[in-house]
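These are my notebook entries on a structure that I looked through element by element. I wanted to keep a record of what I looked up and in what order.

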Amino acid sequence: RRLPALRRRCDMAGKRLSGTGLAAEGRVLRAVLYVYHSRLLRHRPYLALQQVEQCLKRLWKMNLVGCIEALAELIPRKNTSQTHAECLVPSQPMLETVALKVLGGCKLILRLLDCCCKAFLLSVQHLCSEEFILLNTVASGLLSRLWFVIQHRCVLQNLMSLYSTLSTSLHLVSETQQMPYIKGFTFPSDISNFLGVNISSEMKKQKARMLTTKKATSWLKQLIPAMSEVGKKRNFATCMSAVKNCSIPCPVDIGEPVL
């Protein structure tokens with residue numbers, strides 16, 4: 001009876017992880033790091049961006065999506081399970097392997113969200129100091145999009161739900177036929193205790209910090225005060241004249257701090 005629920009959870013978690021949003025933001029992040037590698041090796045927001053990219057790289061290299069899809073293929077279809085009194089189920093080693101990878105994936109995504117939040121705050125801090133305007137503007141937008149893609153698609157929540165179903169299935173299979181594969185590790189019954197944080201409260205806390213810090217960049221509107229009104233006319237010449245007539249000179253991003 002639990003096999004259809006496990007298959008649904010596998011399909012849902014696989015779709016959330018293999019979405020185009022995460023892959024696209026990862027490619028943009030790698031491109032930004034490549035462009036600025038030789039100029040900003042010791043810049044704090046750049047180092048924070050490297051940590052975010054490292055988490056993404058580890059998440060893809062562990063092949064969590066492929067492992068979940070392989071488990072889903074082993075689960076018989078709904079029609080097959082109804083026509084036979086008995087059916088084949090995934091073995092204990094397979095369930096233990098997927099469960100262990102899901103635990104590691106949850107830890108990695110939690111670390112990724114934390115790195116995104118810290119890097120975003122650093123980028124906004126240096127942006128308010130009018131330092132490396134171009135890089136920090138791109139980084140703050142990229143990091144906020146990456147964070148909201150993970151949060152909006154409920155990637156972490158789907159993995160946690162998948163582990164809960166996996167844990168129940170693993171317990172039933174191990175009672176039927178003992179075939180332990182991973183030794184020296186006890187699979188937690190509650191993944192929230194294993195992660196050590198309350199996911200919903202942690203998400204709300206990070207979102208509040210990011211939204212509060214975003215308001216500090218309101219000084220950027222003073223650089224081009226008439227841009228919003230001029231942009232509606234879609235006249236390039238008028239737009240350029242508005243920029244030239246701006247009373248506040250736009251700082252030049254030459255890769256060094258603006259005094």
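**Entry 1: terms and ground rules.** I am working on a predicted model, in which local features need pLDDT of at least 70 and side-chain atom pairs count only at pLDDT 80 or more, while totals for chains, interfaces and linings use all residues. Residues are numbered from 1 along each chain as its sequence is written, and side-chain values use heavy atoms, with hydrogens and water left out.

**Entry 2: confidence.** I looked up pLDDT, the predictor's confidence in each residue on a scale from 0 to 100, and found a mean of 75 for the protein, with 75% of its residues at 70 or more. The pLDDT is below 50 over residues 223-236, a stretch that has 14 contacts in the model beyond near neighbours in sequence, where contact means heavy atoms within 4.5 Å. Residues 242-255 also have pLDDT below 50, and this stretch has 23 contacts beyond near neighbours in sequence. I note for myself that where pLDDT is low, the predicted coordinates should not be read in detail.

**Entry 3: overall make-up.** I counted elements as DSSP runs numbered from the N terminus, helices being H or I of at least four residues and strands E of at least two, and the protein has twelve helices and zero strands. Of its 259 residues, 41% count as buried. Among contacts with a separation of 6 or more, 84% are between residues 24 or more positions apart.

**Entry 4: α3 against α6.** How do helix α3 and helix α6 pack, and at what angle? The angle between α3 (residues 44-61) and α6 (residues 92-128) is about 160°, and their axes are 9 Å apart; the axes are lines fitted to C-alpha atoms, for helices over the stretch in contact, and angles run from 0 to 180 degrees between N-to-C directions. This makes α3 roughly antiparallel to α6, since angles over 145 degrees count as roughly antiparallel, under 35 as roughly parallel, 65 to 115 as roughly perpendicular and the rest as oblique. The crossing of α3 with α6 is left-handed, a term for a near helix turned anticlockwise from the far one by less than a right angle, with right-handed if clockwise. The residues making this contact include Ala48, Val52 and Cys55 of α3, and Leu108, Ile109 and Leu112 of α6.

**Entry 5: α3 against α7.** I then took helix α7 (residues 133-152), which packs with α3 at an angle of about 30°, with axes 11 Å apart, so the two are roughly parallel to each other. Their crossing is left-handed. On the α3 side Pro45, Leu49, Val52 and Leu56 take part, and they meet Asn136, Ala139, Leu143 and Leu146 in α7.

**Entry 6: single residues.** Ile109 belongs to α6 and counts as buried at 2%; among the residues it contacts beyond four places in sequence are Leu17, Leu59 and Val155. From C-alpha to C-alpha, Ile109 and Val155 are 8.3 Å apart. In the loop between α3 and α4 (64-74) I found Asn63, a residue other than glycine with a positive phi, near 55°, and partly exposed at 46%.

**Entry 7: cysteines.** How many disulfides does a search of the whole structure find? The search finds zero, taking a disulfide as a pair of cysteine sulfur atoms within 2.5 Å. For Cys67 the closest cysteine sulfur, in Cys10, is 9.3 Å away, which is too far for a bond. For Cys116 the closest is in Cys115, at 7.3 Å, again too far for a bond. Cys67 counts as buried at 10%, and Cys116 counts as buried at 0%.

Key
Buried < 20%, exposed > 50% of the residue type's maximum accessible area, 1.4 Å probe, protein only.
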